[in-house]
Amino acid sequence: MLIIEELSRLGVEYFCVAPGSRSSPLVIAVVQNKKIKSFVHFDERGLAFHAMGYAAATKKPAVLICTSGTAAANFLPAVIEASKKKLPLIVITADRPPELRQTGAVQTIDQVGLFGKYTQWATDMPCPDIKIDPQFVLTTIDQAWYQAVRNHGVVHINCMFRQPLTLAKTSDDLKTYLKPLSRWEKSQKPYTEYVTGFESVAIFPVPSKITRRLDAIKNGLIVVGKIAGADEAKLVLRLSEKLGWPIFADVSSGLRLGQNHPNLIHYFDHLLLSEKVLNKLSFDGVLHLGGRMTSTRYYDLVQKQDPAEYIMVLNHALRNDPNHQVSLRIEASVSNFIQTVIGLIKPRKASAALKALSKADQMADKTIESILSEDERVSEPRIARLVSQMIPEGQGLFLSNSMPIRDMGNYADPKGNVVLVNGNRGASGIDGIIASAAGYSKGLDKPVTLMIGDLAALHDLNSLSMLRDLPVPLIIVLLNNGGGAIFNFLPIAEFKEGFEKFWGTPHSYTLASAASMFELNYSQPMDSDHFKKVYAQALKSQTSTIIEVITNREENVKVHRTLSQRILDRFVSS
Ligand SMILES: Cc1ncc(C[n+]2csc(CCOP(=O)(O)OP(=O)(O)O)c2C)c(N)n1
């Protein structure tokens, strides 16, 4: 009771619970606490991804509760993803009492430190007992919450419980036990309140040192990964105007879709294939704002160009530098950084690289639009472009790993709407994607379109059971190419002997019966017009929908290569 009440006083509102017996005392308290929202799912793996998606949308910690044993172990993939994405999660696992540990007792595993280095902080709570100070319980929860929020990470509270697991204490016992907490009981406040932020007033003790280094860059490039949201995106655009530098914006940045600013090079991933474009680029400095880029070609480019200065601004302390090139790492929010430096840096005219890239980008846009709009087939690039053109302003777009996130980055129409883009790029797994998108939609309280491949969908099939009761519908655009299409793009595709069986992993399943089993709308459009019609219908429906687009892996590779080639041909002839 104390644990759940204290969490709710700390402002935690979403409690995700998986069924089990050992966790009963915690779950009883969840049921009896009228201030909080709860969510129940039978599979701890999907439940944990759901909680992580919720935290991604709300930026607030969600709580996970499960019973003892392998139930707890099933939280691990989402714990890893949350920890890599720096999202706050409070994981509470119920455990057996000490006398049952290492005795071969049923459903008993070693849960202490189960999530290892993926937790920011972890503790092992003793069994409830009147000899244990209630103040200890409260300050432990306050500390756990603060560790999760302050450090944007996962905390693990392993709670031992002894039988009986129901409400055993009489109300007199409870009164005596809670006596030292009389002030806490009368108030609605947490026991220990944490205040932070004083030191951040002086984030940049020497802003001039940073601006001097920025001013020294002659041909700069701004790259933007995941950032905080629309306000930060606006600041990035203002900064690029002042610096006159082009921007390569990752699809997760919020700057790729619905932003038609001339400094944005929407199709940079395509353009970096062109020798003609590459010959015009010579960056001596990169300003990398926010998280990682999806584009491998971007990382190849900077590795080759090896700019003297690589400044990275990110709101946590972890290294985010797979090429080992960062020369100045600034731990700050992107908005704090820009607001501090923007008035101090010298304004410049648009750089030669910006002019050349911007022209090339417009040409790429025209080429892609003309080729894709002629194409009535439901190719994956075409579907990505259509979704980017049709998805309504302010809704969520969740992109699965593998090709969906790349298709959207490469083919989204910049003239579409501004939407909230998310995905699991922490560890880039294809697990838990449906659950994460459902949690994201719950946290946003807005409709979300999920673009997902068939293997990722099959991996997380039972999370479809989360959709029927979602308050807002989830639209799943399922790109079913009968296996893992990404591998068809890799050199391993030449290994004919084993490619299909071991990488392509072909199958002939569709999700039609799964949709009916989980009571979802379903359609399988045959061409682009049909897709537009069913997507428009799905956007109006109150029920979640699966739109299954059947494509062909080898055909996909051809479409991508033809598009890239046609874009390149345009450059050569321009
Ligand atoms: C949990 C997990 N297992 C395996 C992988 C390796 N992997 C990366 S992409 C991929 C294929 C994904 O296929 P699908 O979801 O159908 O998308 P497509 O490649 O067709 O776009 C696999 C197996 C991974 N990233 N995560």
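I started at the ligand and looked up Asn 481. A polar side-chain atom of Asn 481 sits 3.0 Å from a ligand oxygen atom. This is a predicted model, so I treat each distance as computed.

I then checked backbone atoms at the site. Ala 456 places a backbone N or O atom 3.0 Å from an oxygen atom of the ligand. For Gly 483, a polar backbone atom is 3.0 Å from a ligand oxygen atom. I found 17 residues surrounding the ligand. Ser 402, Leu 455, Ala 456, Asn 481 and Ala 485 are the closest.

Next I went to the nonpolar cores. The largest one has 53 residues. Leu 64, Phe 75 and Leu 450 are among those with the most contacts inside it. Helix 3 (residues 44-58) supplies the largest share, nine residues. Why does this core lie between domain 1 and domain 3? Both domain 1 (2-186) and domain 3 (375-573) give residues to it, so it lies between them.

I listed the neighbours of Phe 75, leaving out residues up to four places away in sequence. Phe 75 touches Glu 44, Leu 47, Val 91 and Phe 115, among others. Another core, of 35 residues, lies apart from the largest one. Val 137 and Leu 165 are among its members.

Last, I checked helix 6 (residues 134-150). Helix 6 has 17 residues and reaches 24 Å from first to last C-alpha, close to the 24 Å expected. Its buried residues include Pro 134, Val 137, Asp 142 and Trp 145. Just after helix 6, His 152 takes a positive phi of about 45 degrees.

How values were computed. Residues numbered from 1 in each chain as written. Predicted model: local features only at pLDDT ≥ 70, side-chain atom pairs only at ≥ 80, totals over all residues. Heavy atoms only, no water. Core = buried A, V, L, I, M, F, W, Y, C linked by side-chain atoms within 4.5 Å. Buried < 20%, exposed > 50% of the residue type's maximum accessible area, 1.4 Å probe, protein only. Helix = DSSP H or I, 4+ residues; strand = E, 2+ residues; numbered from the N terminus. Domains from an automatic or database assignment. Contact = heavy atoms within 4.5 Å. Expected span 1.5 Å × (residues − 1). Near = heavy atom within 4 Å. Polar contact = N/O pair within 3.5 Å; in protein donor to acceptor, adjacent residues only side chain to side chain.
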